[in-house]
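Student: Could you take me through this model slowly, one question at a time?

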Amino acid sequence: MSELEMDTLAGTAWDGGAPPFATNTKKLGMWLFLLSDSLTFSTAILAYAYVRLSSATWPRPFEFSPAVVNATFLTFILLSSSLTMVMAVAAAHRDEIRKAVIYIILTAIGGIAFVVLHLMEWFRLFAEGVTPWSNHYVVNGQPGDPLFGGTFFGLTGLHMLHVSIGVIYLCIIAYGFGRRKFNADHVEVSGLYWHFVDLVWMFIFPMVYLMSVNLKG
Amino acid sequence: MSAHGATAEATHQPGSKKLFMWVWFWLLILTGIETFLAYLKLEPHIMLTLLIGLSLIKAALIVAYFMHLRFEKIGLFLIIVPSLVFCLTMILIFVFPDSLRIAQLSGLGH
């Protein structure tokens, strides 16, 4: 390599010699994906706010116990799984492969627990007669807006899909990192995805659950 | 974040176990406050304002510390956050007046 080429490689971002964001392409790609995904969730939440604001018969059916207590517990599970994911990324960068794999598996178990508990709540609601198309609530003497179920199951379902994909993603990363096929950067990028799923729940939990607490009960 | 972003790339994996535990602890506290607000059954307007405020703080904590954005170069922050804020602002400007108009037409009177 000539001296000129060496100079270029050591140059500034504008010369094309250094990555402008001081990060690898995987990480930049994941950030850009998360940017677009956050718009998907934002528009879903805003659509929910739109139909809710313009509806006269929007039900507020959830009692503090069990619905809100249950959702708070789900939040606790997701936050704790984010903590184990941070530990996994830190261990991966210190090259402690065994420790990192254990932390990633703990994170995935948190994700599975979240999906199972959330599905149990879904089925409780189905049994009560709340579906994506209809519900049995009565608001001001009129039947509750059927869009309540549509937005509730739509938003939580989209989020649950992300958690499920995240669990599969984490299992693949744990397997690959344990067998040294992947490096610490792969673990870090999967961590970004997982924290994002956690972040989205920080908006769905208050908007869907806490804003639907029954004020009369 | 601006002062920190430029100097932090020397340490590839910043943030200690203790720091992450603290962030996790505060996220739990904020969640607890949100749940307590639901227990109090406040007026919807006050409730919504408080919840969005608390959720934005929680989101900022997750993005800054768990997702390490605070320790990345400032350029990464600048391509992600302002564009997201801009898009959301545009959606809010175009969507909510219309939603409130429908409510007014149907005599809801929000």
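The questions below go from the contact between the chains to single residues.

Tutor: This is a predicted model, in which local features need pLDDT of at least 70 and side-chain atom pairs count only at pLDDT 80 or more, while totals for chains, interfaces and linings use all residues. Residues are numbered from 1 along each chain as its sequence is written, and chains are lettered from A and ligands numbered from 1 in the order in which they are written.

Student: Which helix gives the largest share of the side of chain A that touches chain B?

Tutor: Two residues are in contact if their C-beta atoms, placed from the backbone, lie within 7 Å, and by that rule 37 residues of chain A are in contact with 42 residues of chain B. Helices are DSSP runs (H or I, at least four residues) numbered from the N terminus, and α2 (25-53), α3 (64-93) and α6 (184-209) of chain A each supply at least two residues of this side. The largest share, eleven residues, comes from α3(A).

Student: How do α2(A) and α4(B) run relative to each other, roughly parallel or roughly antiparallel?

Tutor: Axes are lines fitted to C-alpha atoms over the stretch in contact, with angles from 0 to 180 degrees between N-to-C directions, and the axes of α2(A) and α4(B), residues 74-105 of chain B, come within 10 Å and cross at roughly 15°. Angles under 35 degrees count as roughly parallel and over 145 as roughly antiparallel, so α2(A) and α4(B) are roughly parallel.

Student: Is A:Arg180 buried or exposed?

Tutor: A:Arg180 lies in the loop between α5 and α6 of chain A and has a positive phi of about 60° although it is not a glycine. A residue with 12 or fewer such neighbours counts as exposed, and because A:Arg180 has 8 other C-beta atoms within 10 Å, A:Arg180 is exposed.

Student: And is B:His68 buried or exposed?

Tutor: B:His68, in the loop between α3 and α4 of chain B, also has a positive phi, of about 65°. Because B:His68 has 22 C-beta neighbours inside 10 Å, B:His68 counts as buried.

Key. Parallel < 35°, antiparallel > 145°, perpendicular 65-115°, else oblique. Buried ≥ 20, exposed ≤ 12 C-beta atoms within 10 Å, placed from the backbone.
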